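This report describes selected local features of a protein model. The sequence and structure are shown first.

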Amino acid sequence: MTVLVLTRQLVESPADLVVHELNQRGVPVHRIDPGDFPRQVMLSGRIGPEHHDWTGGWRGQHRELALGDVTAVYYRRPSPHEVDPALSDDDARWARSEARAAFTGIVQSMRCRWVNHPRHNVIADSKPRALATAARSGLRIPATLITNDPREARAFVASLPNRTAVYKPIAPPGQRVFNGEKAAVWTSPPLGPDDLTDDIAFTAHTFQQWIPKKHEVRLTVVGGHLFAGEIHAHSDESRIDFRRDYDALTYRVCTVPDDIRCGVQRLMSAFDLRYAALDFLVDHDDTWHLVDVNPNGQYGFIPELAQPIARAIADLLEGRMS
Amino acid sequence: MSTALTPARVEGDGPHQRPFGLRTARPITPENTMSVPQTTYCPEQQLALTDDGVPLVTAAATGTTYATDAGATRRDMQWFDDAVSDSDVDAPEEEE
């Protein structure tokens, strides 16, 4: 039995917590960053008429692993594959593509427990798909419009209860480089119909009903276990999007209403996820509105929950929890 | 670490017409960008260790101890809130 952890080698705090927990339990762990292949890791896989699974393994700087020993995989933000810098740009692109196809193809064909399988993450990471699946699962979502039609956008915002919406990007991640500088496109401040310009026509834009909230909840789901923490914002910036001002946040562990619990379980089942971090807005009537599904979201930032969540993930990987 | 940024710099000197959503882009300022502490990788524990030989996940300065600390939150959320794919080895290479 070996738990394979596919992540960066240095300082990936959610993965580090899980590795530390597995180490303490004496569970064999093999940590590898796919980004090390092919430059620092040798991979060999064989299959043929006498085998139904890939056999072989990889040999790295510190240790070796046989594919057949792997019983579970924890997939947590690995690096892109790195190739020899001596290659030309075109050759490097081809070499990366081949390395990626080989590594992912062999690893993803392993019949073992995944947290989460990357293919399931991809499906759940689509915001339009996540909203639709959440609604079908019985979870309340804010009124949402995706459009590149400025007139449609203004009409949508004008139709909302407070004639107010927020803009948010559709594609992850939140940070991009613009004019050579790192910047983030997060949830915008509240917008009225007159704030919307014809520049909406340049691409798809998402507008979502502005929900006046008491607080947010980060609900982390591990197997059948739910870990919920209220996020209380104490500045104007963090009230718009808590990522805008971390210093103004405080947290409190909370319970999950039964209807939310049932909806979340349906959502997890629909996406075939064993782990997810869900973001809810809780309004002044205590109604929970799901605004974000993060199939591989951070979990360490509510201190009281970090260790219990790491233990639950370790339980999943060890096979103590389904 | 980048130099001081302003919204004007993010908008840049290029064409004035841009997608509406990019008008809401906010610079990642030095004040809210954290640097990763000095660590070494321990092959046996398969963890990053601090200079004192303590696994970073249990070191007092990290965001994974039990004490609530705003800076710790920021570290946990931002160290790797970057362009690396969160979810996918199936995504196109350009997305990573």
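## Basis of the description

The model is predicted, local features need pLDDT of at least 70, side-chain atom pairs count only at pLDDT 80 or more, and totals for chains, interfaces and linings use all residues. Residues are numbered from 1 along each chain as its sequence is written, chains are lettered from A and ligands numbered from 1 in the order in which they are written, and side-chain values use heavy atoms, with hydrogens and water left out.

Helices (H or I, at least four residues) and strands (E, at least two) are DSSP runs, numbered from the N terminus. In strand β6 of chain A (residues 70-76), six of the seven residues are buried, so the strand is largely enclosed by the rest of the structure. Buried means under 20% relative accessible area, exposed over 50%, and partly exposed in between (1.4 Å probe, protein chains only).

Strands pair if DSSP finds at least two bridges between them. Strand β1 (residues 2-7) of chain A runs parallel to β6(A) and is joined to it by six bridges; here A:L6 stands opposite A:Y75. Strand β7 (residues 113-115) of chain A is also parallel to β6(A), with three bridges, and A:V73 stands opposite A:W114 in this pairing. From β6(A) the chain crosses through helix α2 (residues 89-108) to β7(A) in a right-handed β-α-β crossover. Right-handed means that, with the strands pointing away from the viewer, the path from the first strand over the helix to the second runs clockwise.

## Helix α5

Helix α5 of chain A (residues 150-159) has the buried residues A:P150, A:A153, A:F156 and A:V157. Viewed down the axis of α5(A), these residues fall within an arc of 125°, so they line one face of the helix; the arc is that of the directions from the helix axis to the C-beta atoms. On the other side of α5(A), A:R151 and A:S159 are exposed.

The buried residues of α5(A) pack against β8 (144-147), β9 (165-168) and β12 (205-209) of chain A. At the N-terminal end, A:D149 caps α5(A), with a side-chain oxygen 2.9 Å from the backbone nitrogen of A:R151. A polar contact is a pair of N or O atoms within 3.5 Å; within protein, one must be able to donate a hydrogen and the other to accept it, and residues adjacent in sequence count only if both atoms are side-chain atoms.

## Two buried residues

A:D199 lies in the loop between β11 (181-184) and β12 of chain A and is buried, at 16% relative accessible area. Leaving aside neighbours within four places in sequence, A:D199 is in contact (heavy atoms within 4.5 Å) with A:H205, B:R18, B:P19, B:F20 and B:R23.

A:T220, in strand β13 (residues 213-222) of chain A, is buried at 2% relative accessibility.
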